[in-house]
Amino acid sequence: MGDKFAGKVALVTGAGVGIGYAICRSFAMEGASVALNDVDGTLASQAAAQINAELGIERVIGYAGDIGDVSSIRAMVADITARFKHIDVCVANAGITLFGKFLEYEPAAFDRVMNVNLRGSFFTAQAAARVMVDRQILGRIILMSSVTGVQAMLGLDAYGITKAGIRMMARSLALELGGYGITVNAIAPGATVTERTKQETANYEQDWAALMPTKHANSVDDIASAVLFLASPDAKQITGQTLVIDGGWTLYSPVPPGY
Ligand SMILES: NC(=O)c1ccc[n+]([C@@H]2O[C@H](COP(=O)([O-])OP(=O)(O)OC[C@H]3O[C@@H](n4cnc5c(N)ncnc54)[C@H](O)[C@@H]3O)[C@@H](O)[C@H]2O)c1
């Protein structure tokens, strides 16, 4: 426990479990008040209660809300602003992965992935940025990209396109908001061990660890610590960047045997 974010308010979307949950927990452990969003309202409340119980202090509030729905984002941000008076950090973490072969991919799946990942991140950032600009807050916006926005992966075409778009979103919004003292960056995680990824693939952790030069798959805390750094005063001159966290997986391409 520390106080690096005491007095600050952080909003984290898609945070009932996984990476978002770890980010909320880390901010709360460093003294921040945290708005923990999830489309599953029960999960959001449970996750908030779990962190508060661990800390022994009420720092996290659960917010039900679908990031694919702009009116839901705006209502949530209005409520957070009314309650806390400011938003200092916005982590647009919510994202969905719908696997599928390119030749068979359906328009409905494509639209869902675009809607939550791209449109949702864009309008979450916009809603938070409006509060930061209105209240002259030197805010931090952190978007969630992926290594699949850097390297092509079979079955992740639509998802990868959104994650590449989020890298450009960070650059573009950083330019838009720099004059207000707001920074915008993205994190691009590689294989990260979460409830979902473990469930989707047997031996997920071991299989990915074997492919990573560091020989470890990411933990959720590897991502959370980078988010806290980008949200800290130490990172005030870093903006428009995408930080790849992947144990070196994207550094190399396949080579013939013997190299
Ligand atoms: N886990 C990984 O290996 C990995 C790698 C690269 C990037 N990412 C990205 O990191 C982010 C978090 O990934 P994760 O694996 O922790 O997530 P996850 O799939 O475990 O989901 C986390 C939470 O998001 C919620 N959610 C889904 N759709 C939502 C919506 N429309 N509005 C609000 N909440 C919603 C879910 O209910 C869930 O509780 C995502 O953007 C994902 O694309 C994850």
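This is a predicted model: local features need pLDDT of at least 70, side-chain atom pairs count only at pLDDT 80 or more; totals for chains, interfaces and linings use all residues.
**Overall fold and ligand shell**

The protein has a radius of gyration of 18 Å, which agrees with the value near 18 Å that a compact globule of 259 residues would have. Along its principal axes, the C-alpha trace of the protein spans about 60 × 40 × 35 Å. The secondary structure consists of 8 helices and 7 strands. Of the 259 residues, 46% are buried. When contacts between residues at least 6 apart in sequence are considered, 71% of them join residues at least 24 apart.

The ligand is surrounded by 29 residues, the closest being G14, G16, G18, G95 and T192. By residue class, the shell around the ligand divides into 11 nonpolar, 14 polar and 4 charged residues. At least two residues of this shell come from each of three elements, namely α1 (18-29), β2 (33-38) and α6 (195-200). The greatest contribution is that of α1, which supplies 3 residues to the shell around the ligand.

The position of one residue, R119, was also examined. R119 lies in helix α4, which covers residues 107-134. Between R119 and M153 the separation is 34 residues in sequence, and their C-alpha atoms are 22 Å apart in space.

How values were computed:
Residues are numbered from 1 along each chain as its sequence is written. A residue is near a molecule or strand if its C-beta atom, placed from the backbone, lies within 6 Å of it. Helices (H or I, at least four residues) and strands (E, at least two) are DSSP runs, numbered from the N terminus. Ala, Val, Leu, Ile, Met, Phe, Trp, Tyr, Cys and Pro count as nonpolar, Asp, Glu, Lys and Arg as charged, and the others, Gly among them, as polar. The radius of gyration is taken over C-alpha atoms; the globule rule is 2.2 Å times the number of residues to the power 0.38. A residue is buried if 20 or more other C-beta atoms lie within 10 Å of its own, exposed if 12 or fewer, and partly exposed in between; C-beta atoms are placed from the backbone. Two residues are in contact if their C-beta atoms, placed from the backbone, lie within 7 Å.
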